[in-house]
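Hello,

Here is the structure for you to look over. My notes follow below it.

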Amino acid sequence: VAKMYVMRKYRKRRFVPGECMHVYQRSVGGFNLFYDVEDFIVFYTIVSVLSRVYQVSVLEMCLMIDHVHVLISSASLDEVSAFVRHYSSLYAMEFNNDVGRKGPLFHKSFGSAPKKGSKKIRSTIVYIGNNPVEKKLCEMAERYRWNFLQYIRDENPFSLPDKNPSAELQRAKSEVRYMVRCNKYLTYAQVRRLLYGLKENERNVLIDYIISKYYMFDTEHLLSYYENYDEMLNAMKSTAGSEHDIKEKYYSGTDAVYRDMYDLVKHDYQIFPVKQVVVLPVEKKIVMARYLKNKTAASYFQIVKFLHLDLESEDKMVIDR
């Protein structure tokens, strides 16, 4: 009876209790979701906190510039749906409040596909981990911070150990520990305050520390599909993986151009945090779009996504002019 109820209620969303499920989310209009390091941290800590609230097992996650992949396991589709809706709406609220934006941030319905059998699960693990490689953000999956693979065996993979940490860094770490104990996520204001005044390596030390302290991944479950961690990484090096069950829009080209646009906006326009571009008047966005088109290799579509520029396809001439 319970199974029939689930089938009626969720006839459009396939689900297998206890099996892995690939969740894919894209933004409204394909716009960018993440700009500054604060965006990644706020989203990550929100997901970490709520994974404990909803008792959802997170095996893997990759935060790309305009979409999110999560591999999870749960006994209930209700829990999965509530979990995804909650972290999506909470991040949208924090993102919007931070820059004075209004409206939804994520597409109203998330993509999902149950993964049954080791072969399919391994292919999905490789696919998710390799997303930044495919978009030319790094040469090897483990060199991308926001798929969190390096944190499986190293607590500070992107920073150098600091034998004499400053008082500011020590205070920041203490606050992070307190927030973890309380199972509370970090807000934008907190992250900026914690990072403020730290030298470059100390900033990276703190980012690594935050990720390690909020670490939520079910590493044992993830690695159970391989002999060990190194075999998983080798699988990612030898194949890109595949995803046939989710209709993910694919756009050719490199996502590295977003970094180029980020640097130009930050240094040439003196806008920081950079995501403030999303609330600029349309006229200013168009002027900036022309500048970015002349200064970078970004496509028209990538510029529109970066600026949250809501133009119809025929309005491409506005930027080309």
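What covers the buried residues of H7? The cover includes helix H2 (37–53), helix H3 (77–99), helix H6 (167–181) and helix H8 (200–213).

Some ground rules. This is a predicted model, where local features need pLDDT of at least 70 and side-chain atom pairs count only at pLDDT 80 or more, while totals for chains, interfaces and linings use all residues. Residues are numbered from 1 along each chain as its sequence is written, and side-chain values use heavy atoms, with hydrogens and water left out.

Helix H7 spans residues 188–195. Helices are DSSP runs (H or I, at least four residues), numbered from the N terminus. The buried residues of H7 are Tyr188, Gln190, Val191, Leu194 and Leu195. Buried means under 20% relative accessible area, exposed over 50%, partly exposed in between (1.4 Å probe, protein chains only). Viewed down the axis of H7, its buried residues fall within an arc of 165 degrees, so they line one face of the helix. The arc is taken from the directions from the helix axis to the C-beta atoms. Gly197 follows H7 and has a positive phi, near 85 degrees.

Next, Lys213. This residue lies in helix H8. Lys213 counts as partly exposed because its relative accessibility is 37%. Setting aside neighbours within four places in sequence, Lys213 is in contact (heavy atoms within 4.5 Å) with Val176, Arg177 and Val180. Lys213 and Arg177 are 36 residues apart along the chain, and their C-alpha atoms are separated by 7.1 Å.

Best wishes

Conventions. Helix = DSSP H or I, 4+ residues; strand = E, 2+ residues; numbered from the N terminus.
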